[in-house]
Amino acid sequence: MQQYKLKRGFKPEIERIYSVMQECFPVEIVREGDVLETAYGAMAKITVSIENKKLVVDTVSNPSMMDDETILQTNRYFRDFLYKATGYTAKERLKQAKKEVSGK
């Protein structure tokens, strides 16, 4: 499970996250309260919620998915979702994660 800070101006609202998921993953998204869940490509399960004004994402890989193209496309869609949901690029998210681990 990963937690991501939201950039200023990116509201921690599940409705906004739901619309971003619909935009990035062209599959059915199940909503139970403030928890969103779907499956796409090489990910057997993607669970998204908001806790303490942070985006919480839990993913489960599909071990039977061995097609490189599908894996790359899934990764691309997932990175796109995180960017649109948090406002931070992959490089910025990595920098924040390192800062959080070092305790600064």
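Predicted model: local features only at pLDDT ≥ 70, side-chain atom pairs only at ≥ 80, totals over all residues.
Residues are numbered from 1 along each chain as its sequence is written. Local features need pLDDT of at least 70, side-chain atom pairs count only at pLDDT 80 or more, and totals for chains, interfaces and linings use all residues, while side-chain values use heavy atoms, with hydrogens and water left out.

**View 1. The largest pocket and its lining.** A pocket here is an open set of points on a 1 Å grid over the protein atoms alone, where a 1.4 Å probe fits and protein lies on both sides within 12 Å along at least five of seven lines. The largest pocket holds about 260 Å³ of space, a volume being the space filled by probe spheres set on the grid points, which are joined across faces, edges and corners. Look for Tyr4, Lys54 and Arg93 among the lining residues, meaning those with an atom within 4 Å of a point. Strand 1 (2-5) and helix 3 (90-102) each give two or more residues to this lining, and helix 3 gives the most, with six. Helices (H or I, at least four residues) and strands (E, at least two) are DSSP runs, numbered from the N terminus.

**View 2. Gln96 in helix 3.** Gln96 also lines the largest pocket. Its side chain makes a polar contact with the side chain of Tyr88 at 3.4 Å; such a contact is a pair of N or O atoms within 3.5 Å, one able to donate a hydrogen and the other to accept it, and residues adjacent in sequence count only if both atoms are side-chain atoms.

**View 3. Helix 3 and the residue after it.** Gly103 follows helix 3 and has a positive phi, near 85°.
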